[in-house]
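Please keep the sequence and the structure at hand while reading.

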Amino acid sequence: MKVRARAATPRARRRRPVSDAIVLTGRTIRLTRRNLDAVLTAMLPSIMLMLVFVYFFGGALHTGTEYVTYVVPGVMLLCAGFGSANSAVTVTHDRTGGIVDRFRSLDIGGTPILAGHVAASVLRNTVASALVFGVAFLIGFRPDVGPLDWLAVAGILLMFILAISWLSACFGLIARSPEAAGGFTFLMMFLPYPSSAFVPIDTMPGWLHGFAQHQPVTPVIEALRGLLLDRPAGDSAWQALVWCGGILAVAAGLSGVLFRRRTA
């Protein structure tokens with residue numbers, strides 16, 4: 001007696017991309033566990049820069065408050081951005097190494113593949129950010145915040161990590177090699193410098209003020225600084241959310257188009 005196979009129901013088909021993304025997230029996390037030196041490499045520059053600025057240059061820089069208190073929000077964003085940018089390398093490695101072709105042969109779509117990288121990046125960089133916070137507390141960082149402020153800080157930081165992770169996925173699809181994709185990590189490591197991360201913008205040359213004030217990193221840093229130091233952040237909070245939301249929307253949409261073109 002022949003048994004006819006059941007066709008997948010629409011409801012089952014809707015669930016499949018989510019389950020694929022969860023499985024692929026687990027795969028990326030396992031790869032990260034096997035390559036802990038890459039995680040340490042992502043965290044150590046931020047920690048070392050914080051120690052260098054606080055102990056070597058902090059006495060000569062005047063920011064209106066203790067320098068460790070001023071610099072920690074910028075270092076947090078530097079760590080989050082640099083770590084999230086590493087997703088560009090992992091995406092390019094999968095695409096050029098043939099694993100994406102194997103996933104496509106299993107009828108796994110582009111969105112679950114990229115979402116797996118992004119979700120793993122968010123988890124990985126959340127842990128890294130927490131460790132950097134721990135080091136900051138050890139060297140004297142004492143924020144004056146309540147539970148709601150901590151939630152707001154976590155929300156803005158997670159939004160930034162998510163946006164940069166999707167943007168990294170786009171660069172990973174564009175780059176022709178993992179080495180070329182590594183250039184995006186340099187960009188994200190450089191971007192916090194022409195901002196209010198390490199010194200006030202008004203101490204910079206006048207021709208740099210426009211870029212420093214209106215680039216996406218500055219409002220995120222000012223929003224975090226205002227929340228952590230319990231002082232008015234002005235329009236920085238909503239500007240940070242607009243920047244992160246805009247980058248996320250554009251990058252997520254563009255990544256789908258790039259994936260179809262790169263894997264056609």
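## Lining of the second largest cavity

In this predicted model, helix 4 (87–97) and helix 6 (110–138) each supply at least two residues of the lining of the second largest cavity. The lining is made up of Val-91, Asp-94, Arg-95, Val-100, Ile-113, Leu-114, His-117, Leu-173 and Phe-259. Sorted by class, these lining residues are 6 nonpolar, 1 polar and 2 charged.

The space in the second largest cavity is about 30 Å³. The structure holds 2 cavities of 30 Å³ or more.

## Crossing of helix 10 and helix 11

Helix 10 spans residues 217–228 and helix 11 spans residues 236–262. Their axes come within 8 Å and cross at roughly 135 degrees. The crossing of the two helices is left-handed.

## Residues in the helix contact

On the helix 10 side, the contact is made by Pro-219, Val-220, Glu-222 and Ala-223. Helix 11 contributes Ser-236, Ala-237, Gln-239, Ala-240, Trp-243 and Cys-244.

How do the residues of the contact of helix 10 with helix 11 divide into nonpolar, polar and charged, and how many are in each class? There are 7 nonpolar, 2 polar and 1 charged residues in this contact.

Definitions and conventions. Residues are numbered from 1 along each chain as its sequence is written. This is a predicted model: local features need pLDDT of at least 70, side-chain atom pairs count only at pLDDT 80 or more; totals for chains, interfaces and linings use all residues. Side-chain values use heavy atoms; hydrogens and water are left out. Axes are lines fitted to C-alpha atoms, for helices over the stretch in contact, and angles run from 0 to 180 degrees between N-to-C directions. Helices (H or I, at least four residues) and strands (E, at least two) are DSSP runs, numbered from the N terminus. A crossing is left-handed if the near helix is turned anticlockwise from the far one by less than a right angle, and right-handed if clockwise. Contact means heavy atoms within 4.5 Å. Ala, Val, Leu, Ile, Met, Phe, Trp, Tyr, Cys and Pro count as nonpolar, Asp, Glu, Lys and Arg as charged, and the others, Gly among them, as polar. On a 1 Å grid over the protein atoms alone, a cavity is a set of points where a 1.4 Å probe fits but cannot get out, and a pocket is an open set with protein on both sides within 12 Å along at least five of seven lines; lining residues have an atom within 4 Å of a point. Grid points are joined across faces, edges and corners, and a volume is the space filled by probe spheres set on the points.
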